[in-house]
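Biologist: Please show me the model, and then let us go through the terms used for it.

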Amino acid sequence: MSATSLADETIPLFNRKTEGACLSLGELSEIEQKVAHDLKVNGYSLLPKFIDEALIDQIVADCDGNYSKSERRLPDAFRISASAKSLACDARVVSLLSNVYGRAAFPFQTLNFEQGTEQATHSDTIHFCSMPYQFMTGVWVAFEDVTENNGPLHYYENSHRLPLLTNEALGISLKKGQDSAQRYSEYENAIRDYVELLGLERKEVRMNKGDVFIWSANLLHGGSLVKDKDTTRLSQVTHYFFEDCFYLTPLNSDIKRGKLAVRVPFDVVQNRFRIWEYLATGFRAISPVMLTVSIAKVLVKSLARRTTGREEPF
């Protein structure tokens, strides 16, 4: 196998430019080709009326009374609602993502919301990241119409093309005794300044009940202001990883000090934590651990050999 074809494996299918990738993209269904094109060009794709309203109504009923009082959200509702799990594991969505990314997808987290979050702009990669990069995506389903009044999702045009914005890239270092909330506040401030510096254009997403919004890993997004505090903005977000990757949390990692916060994601479909193997390196994880850079070097060098035929310094 050539170095080019090996490198292909480390890039989502929709972003590949090789002849083989073009042939594979040509074999996708019409809706898959639309999503592939949208993710490549815009960093997101909107699918109208994709989810059955009866399923949505059942999830809303299951979650009622279970949201946290402070954030009005419910993490991992799939544990208490068979319908929420059914949505996360929707075969159409999993198949679509798998075909568009060229690697098998699996849901690892759900977040159900009662109201708009007004969450500051961020990229999901600070929380959920993969090696190879970009093999994570979010799927947001509107459980009711989303208007300018109930806190629509916002995003920044072309931000999916930006480099990976880790702590190191933004000049943030882990401080002794600092908790993740304090560190995340630093991150949010840095992203705000970064967006202003680049002059990125902010846009909001209007959605109807049953619409699906899929975004790529690095798209900068957040929750807009809730103008009418008496409104709800019922919705479910499911995050998906892809097989044969190394998963980590950059927010809690400190490369300078030789620490990586490694994730062992929970596979909602298989109902178990996912034992991962990173591109056939033979390094397998069975529990959440902190890895030193010395171990990470083995993983990165293995990837370098597979993509370029030579080793690269970490």
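**Terms and values**

Modeller: Thr121, leaving aside its neighbours within four places in sequence, is in contact (heavy atoms within 4.5 Å) with His154, Tyr156, Ile191, Leu220, His221 and Gly222. This is a predicted model, in which local features need pLDDT of at least 70, side-chain atom pairs count only at pLDDT 80 or more, and totals for chains, interfaces and linings use all residues. Residues are numbered from 1 along each chain as its sequence is written, and side-chain values use heavy atoms, with hydrogens and water left out.

Biologist: Why is Thr121 called buried?

Modeller: Buried means under 20% relative accessible area, exposed over 50%, partly exposed in between (1.4 Å probe, protein chains only). Thr121 has 13%, so the residue is buried.

Biologist: What makes the link between the side chains of Thr121 and His154 a polar contact?

Modeller: The term needs a pair of N or O atoms within 3.5 Å; within protein, one must be able to donate a hydrogen and the other to accept it, and residues adjacent in sequence count only if both atoms are side-chain atoms. The Thr121 and His154 side chains are joined at 2.8 Å.

Biologist: How do you know that S5 and S10 pair?

Modeller: Strands (E, at least two residues) are DSSP runs, numbered from the N terminus, and two of them pair if DSSP finds at least two bridges between them. Strand S5 (residues 136-142) and strand S10 (residues 235-242) have 7 bridges, in the antiparallel sense. Within S10, Thr238 is the bridge partner of Val139.

Conventions:
Helix = DSSP H or I, 4+ residues; strand = E, 2+ residues; numbered from the N terminus.
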